[in-house]
Amino acid sequence: MAQVNTLAVSLHQLAKMIDHSLLHPTVTDGDVIAGLRVAKEYNVATACVKPYHIQLAKQELQDTDVEICAVIGFPHGNSTTEIKVQEATAAVEAGSHEIDMVVNIGKVLGGDWGYVSQEIEQINTAVVQKGAILKVIFETDYLKPEHIVHLCKICTESSVAFVKTSTGYGFVKQADGSYNYKGATVKHLRLMRQYSGPDVQIKAAGGVRTLDDLLHVMSLGVTRIGATATVAIIEDAKKRGIGMDRIEVEFKPMKEDSHR
C-alpha cells in the first residue's frame, strides 16, 4: 500500500512561508510593481527585490504586513566582504527587513573557511545591529555535501536567522552543453536541517514551484521558500479547500535528489 503524505496547514500559514521573488535580470520597474501587487494581494512573508527596488517596494507595500527582503552579492557572491557589508547595511537603512546574501562560492570550494566564516559573521553582525535578519545563500548546485555541512555549522556558530539553498540563477553546465540548475533538493534540505542548529531556519529556493513542492519541503522542516510561482501555489491551495483553518492536506512528494 502506497504511503500517503499529509500535512495540516492553513492558507495564511502557506502565504507567510513565501518570499515572492522579483529578481530576474530583465525585470523592469513596471514588472516589479506588478509583482509587488501580487505579494500584497496574497499577503506573503516578503517581496524579495534587488537593492535599487527597495524604495519602490516601500511605496507599494506600505500599510501591509508584507515585509521587504533585499539580495546582497547577488547572484554569484563575488563582491568583497567590505562591499557586502556596506551593501547590506545600506539595504537595511533603506527599508529592507531581511537580507539574502550569497556566500563567496569560490572560497567555499577552495576550503578557505576562515574567510567564509569571517564574512558571514561580519555581515550578520551589521544586519542584526540595524534590526534586520540575515539569510545565507549557499548555492548548493555548486557544492558537495561536506561543503553544505561546514556552511551549516558556520552559520549556526554565527547565529544567522536562515540558511538558504540557492539563488535560482546558479546555472551549471550540463553534459549536453546547456546550462541548468536543480535548486532546492530533498537531499540537500535534509542535510541542512540535520546540521543547522535548532534556532537556524531553512529557506528552500529554486525549483519549489507547486503546492505539493511547498508541502513536501515544509514536512522536511523548511519554514520559508523563495518562489516566482506564488499565484499558482496559493490558488491551488484554495482549490484544494485550504482556508483560514488548518486542515490535513495530501501531497505528492518531490524526488529525493531533484526538483519536480
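Buried means under 20% relative accessible area and exposed over 50%, with partly exposed in between (1.4 Å probe, protein chains only). Helices (H or I, at least four residues) and strands (E, at least two) are DSSP runs, numbered from the N terminus. The model is predicted: local features need pLDDT of at least 70, side-chain atom pairs count only at pLDDT 80 or more, and totals for chains, interfaces and linings use all residues. Residues are numbered from 1 along each chain as its sequence is written, and side-chain values use heavy atoms, leaving out hydrogens and water.

**View 1. Eight strands form a closed barrel.** The order is β2-β3-β4-β5-β6-β7-β10-β11, and the pairing is parallel. Two strands count as paired if DSSP finds at least two bridges between them. On average, neighbouring strands of this sheet are turned by 25° against each other, direction ignored. Axes are lines fitted to C-alpha atoms, for helices over the stretch in contact; angles run from 0 to 180 degrees between N-to-C directions.

**View 2. Strand β4 is mostly covered.** β4 spans residues 67–72, and five of its six residues are buried. Strand β3 (residues 46–49) runs parallel to β4 and is joined to it by four bridges. T46 has E67 of β4 as its bridge partner. Between β3 and β4 the chain passes through helix α3 (residues 54–61), in a right-handed β-α-β crossover. Right-handed means that, with the strands pointing away from the viewer, the path from the first strand over the helix to the second runs clockwise.

**View 3. β4 pairs with strand β5 in the parallel sense.** Four bridges link β4 to β5 (residues 98–102). C69 has E98 of β5 as its bridge partner. The chain crosses from β4 to β5 through helix α4 (residues 81–94), and this β-α-β crossover is right-handed. α4 lies across β4 and β5, at about 165° to β4. Contact here means heavy atoms within 4.5 Å.

**View 4. K203 is a buried residue of strand β10.** β10 covers residues 201–205. K203 counts as buried because its relative accessible area is 1%. Its side chain makes a polar contact with the side chain of D19, at 2.7 Å. A polar contact is a pair of N or O atoms within 3.5 Å; within protein, one must be able to donate a hydrogen and the other to accept it, and residues adjacent in sequence count only if both atoms are side-chain atoms. Not counting residues up to four places away in sequence, K203 touches several residues, including D100, K135 and F162.

**View 5. β10 runs parallel to strand β11.** Three bridges join β10 to β11 (residues 224–227). K203 stands opposite R224 in β11. Helix α8 (residues 186–195) lies across β7 (162–164) and β10, at about 165° to β10.
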